[in-house]
Amino acid sequence: MMTVMEAEAGTGGGSDLAALHRRHYSSLVRLASVLVDDVGTCEELVQDAFVAALGRDHPWRDETKAPAYLRSAVLNGARTHLRRRVVRQRPQALQVAHDDRSPEADAVTRDEHRVVLDALRSLPERQREVLALRYYLDLSEAEIAETLGIAAGTVKTHAQRGLTALHASLEDQR
Amino acid sequence: MTDDTGRQHLDETEARLRGAIATRTGQVQPDGAAGLRAIEQRAHAARRNRRLRRGLEGALAVAAALVLVAIAVPALRDDGREQVTTTGQDASSSTTTTTAATSSTTVPVEPAPPLAVWPPPDHVQYADPSNAARAFVEEYVGFPNPPMSDFRPGPPMSGEIDVYLRGENGAVLEDHVSSTIALHQTPAGWTVAGARTDDIVVDNPAPAMVVGSPVVFDGKARGYEGTIIVNVRDGGMGAGETLGQGIGIAGCCDELLPFHFEVALDRPPSQATGSVLLNTDSGLDPVASFAVVPVRFGPTPTSGPQVTDGTTVNVAWTRASGEVVTRARTVRISTGVLRGALQQLLSGPSSVERGDGLFSALANGAAAVPFDVVITDGKAVVDFGAELPRVSPGTSSSEASQRFLRQLHATVFQFPTVTSAEYRIGGSCNAFWSWLQRPCTTVDKKNPGT
C-alpha cells in the first residue's frame with residue numbers, strides 16, 4: 001500500500017534538503033498534529049527534526065533511511081513536548097483550512113473527531129504513536145517498529161491494546 | 001462479549017479513528033516554504049555556533065601555548081639586566097618591559113586571581129578539579145549527578161570542564177555541552193571561577209563588576225519558552241538560596257535574542273563578593289544550560305550606562321489615580337527602540353517603581369508574551385501573541401483597558417516617526433479590540449483616545 005509519505009514524494013528525485021523537505025515536511029507536520037494540538041508547535045517539531053538531522057553525521061542522504069529517522073525524531077520531539085505539558089497557544093485560524101459545510105454540521109463532526117482525538121492522545125505514549133503511524137501514515141508493522149525502535153511483535157501488541165483502550169475510552173463517554 | 005462482537009467494536013473504533021485522523025490532518029496546511037526557510041536558517045545558526053565553539057577552543061589552546069613560551073623564554077635567557085614594571089591592577093595578565101636590554105619582550109607576572117564562586121572558604125576544599133566542578137553543579141547550580149567531561153588544563157593553574165546534557169533515556173549526550181565550568185587552582189584547592197554557555201551570553205554584569213540593587217542584566221540568550229531565570233547570590237550561597245531572583249525573556253529557539261532586565265535584591269548582601277546565576281532551567285530537564293558570573297557588591301549600582309549600545313526610552317505606567325507616568329529605561333538600539341520599549345512595558349514596572357506607587361494594567365504573565373512590531377510609513381503595527389488575553393484577563397475590564405491603552409499609546413507614540421498604530425492579537429485587529437471590548441480601529445497619534 002502506498003503510504004502518505006510516498007504519495008507526497010511523487011516522482012521527484014534528489015536527496016538534498018529541499019527534496020527531502022518537499023517529500024516529507026507536510027506529512028510529518030500532519031503526523032505531529034495527530035498527537036499535538038498546536039499546529040505551530042508541530043511545525044517547530046518537524047523543523048527540529050530536520051535541523052538535528054542536518055547537524056549530525058547521520059545517513060541523511062540515504063533516502064531509504066531518512067524517512068524513518070525523521071519520523072522518529074518528530075515523535076521523540078512530540079513526546080518531550082507532551083511530557084512538559086506546557087503548551088503555548090498559537091493562533092490556529094490561519095493554519096486551518098475552511099470548507100463549505102454548514103456550521104451546525106461542521107460543529108457536530110468536529111465534536112466527534114475531537115472526542116476521538118482526545119481519547120487517542122490520552123493513551124500511553126507508545127500506543128498512541130503506533131496508532132498514529134498506522135492510521136495516518138499507513139505504515140506496516142515493520143516500518144513502525146523501525147521508526148520506534150521496537151520489535152514488530154511489540155508494535156502489534158501496542159496496536160491491539162491501544163485500539164481496545166481507545167474503544168473503552170470512547171464507550172465511557174457515550 | 002463474543003469474539004465477533006469484540007472484533008466489530010474494534011472495527012468501529014478503527015473507522016472512527018481513521019475518520020478523526022483524516023479530518024484533523026486534512027485541516028492542517030503547513031507553510032512549506034516558510035518551513036524550509038526556518039530549517040535553513042536554524043541549521044546555519046547551529047553550524048555557526050559549532051564553528052564559534054571550535055574557534056574559542058583553538059584560541060584557548062593558542063593562548064595557553066603562548067603563556068608557556070613566555071614563561072620559558074626569560075627563564076632561559078636570565079641575564080640579570082631586566083627591570084620589571086607592572087601595568088594594570090586587576091588585569092588577568094600584565095605586561096613587563098625590559099629597560100636595560102636593547103630589545104623588549106613581554107613576560108607574564110602573577111595575575112590577580114579570579115574571584116572564586118565556589119566552594120566557600122568554610123566548605124570542603126578540593127584537590128581534584130573534577131570534584132570541585134561536580135560539587136559546584138550539584139550544590140551551587142542544583143543539578144544532581146551531572147554528566148561531565150574530563151578536566152581540560154588551560155593556562156597555568158586553571159582549566160575547564162564541560163557539563164553534558166542527558167537524553168530522554170538518561171544517556172549522556174557528549175556532543176551536547178550545556179555549560180563549561182572555568183576552574184582555578186589556589187593554595188587551598190581548586191575553585192570555580194565561573195561558567196559559560198552558548199545559550200546565555202552575559203554582557204552585563206561582567207566578571208568582578210561591582211553591582212548594587214537592582215542588578216542590571218544584559219546579553220543575549222535562548223531558553224525554553226524564551227525564559228531565563230536569574231539568581232543573585234551572596235558569597236557562600238548555594239542552590240535554593242538567593243538575594244534576589246528574576247526572570248528574563250530572550251529567544252525561545254535557536255536564535256540568541258537580546259535581554260535586558262533588572263533584579264532588585266530582597267535583602268542586602270552580607271559578603272563583599274557574590275555571583276549571579278543565569279540558567280534556562282524549566283524545572284523539567286535534568287540538566288539545563290547555565291552561566292555563572294562572579295561579582296562584587298557595592299553600595300550603589302555601578303555608575304554609568306551598563307548597556308554599551310543602549311539608548312533611553314520611556315515606558316508608561318499608571319498610578320492608582322489613573323495618571324499615566326513615564327519612566328526612562330535603557331534598551332539596546334540593536335533591538336529596536338519601539339520593540340525594546342514594548343518589551344519593557346510587557347515586563348512591568350521594577351520593584352523600585354512599584355514602590356513609588358506605579359503599576360501596569362497588564363498582569364505579570366504578560367512578560368512572557370511574544371510580540372512583533374513593524375513600522376511602515378509612520379504606522380506601527382504591534383502584534384501581540386494570542387495568549388495575552390489568557391495571561392492578563394483583568395486587562396479587559398472597563399477601567400483596566402483604559403489604563404492599558406493609555407500606557408500603550410504613551411509608549412508607542414513617544415517616537416516622532418510613529419504617527420499611527422494598529423494593535424493586533426495573533427494577527428487580528430478584531431481580536432485585540434474585542435479583548436478590550438472595543439471595535440477594531442487604527443489609532444491616530446493626534447487623537448489616540450481610550
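Guide: Three strands of chain B form an open sheet in this predicted model, in the order β5-β7-β10, and their pairing is antiparallel. Its edges are β5, covering 200-204, and β10, covering 257-263, both in chain B. Each of these edge strands pairs on one side only. From one strand to the next, the twist averages 30°.

Within that sheet, β7 of chain B spans residues 215-221. Seven bridges connect β7(B) with β10(B), and the two strands run antiparallel. One residue pair can be picked out: B:Val216 has B:Glu262, in β10(B), as its bridge partner.

Chain B has 450 residues, of which 42% are buried. Of the contacts in chain B with a separation of 6 or more, 57% are between residues 24 or more positions apart.

Chain A, by comparison, has eight helices and zero strands. Along the sequence its pattern reads α-α-α-α-α-α-α-α. Of the 174 residues in chain A, 49% are buried. Contacts in chain A between residues at least 6 apart in sequence join residues at least 24 apart in 63% of cases. Its accessible surface is about 8100 Å², and carbon and sulfur atoms account for 51% of that area.

Helix α8 of chain A runs over residues 152-172, which gives 21 residues. From first C-alpha to last, α8(A) reaches 30 Å, close to the 30 Å expected at 1.5 Å a residue. Its buried residues are A:Val155, A:His158, A:Ala159, A:Gly162, A:Leu163, A:Leu166, A:His167, A:Ser169 and A:Leu170. Viewed down the axis of α8(A), these buried residues lie within an arc of 165°, so they line one face of the helix. On the other side of α8(A), the exposed residues include A:Lys156, A:Arg161 and A:Asp172.

Key:
Residues numbered from 1 in each chain as written. Chains lettered and ligands numbered in written order. Predicted model: local features only at pLDDT ≥ 70, side-chain atom pairs only at ≥ 80, totals over all residues. Heavy atoms only, no water. Helix = DSSP H or I, 4+ residues; strand = E, 2+ residues; numbered from the N terminus. Expected span 1.5 Å × (residues − 1). Buried < 20%, exposed > 50% of the residue type's maximum accessible area, 1.4 Å probe, protein only. Arc of directions from axis to C-beta. Contact = heavy atoms within 4.5 Å. Pairing = 2+ DSSP bridges. Axes fitted to C-alpha atoms, helices over the stretch in contact; angles between N-to-C directions. Areas by Shrake-Rupley, 256 points an atom, 1.4 Å probe, with all protein chains shown as cover.
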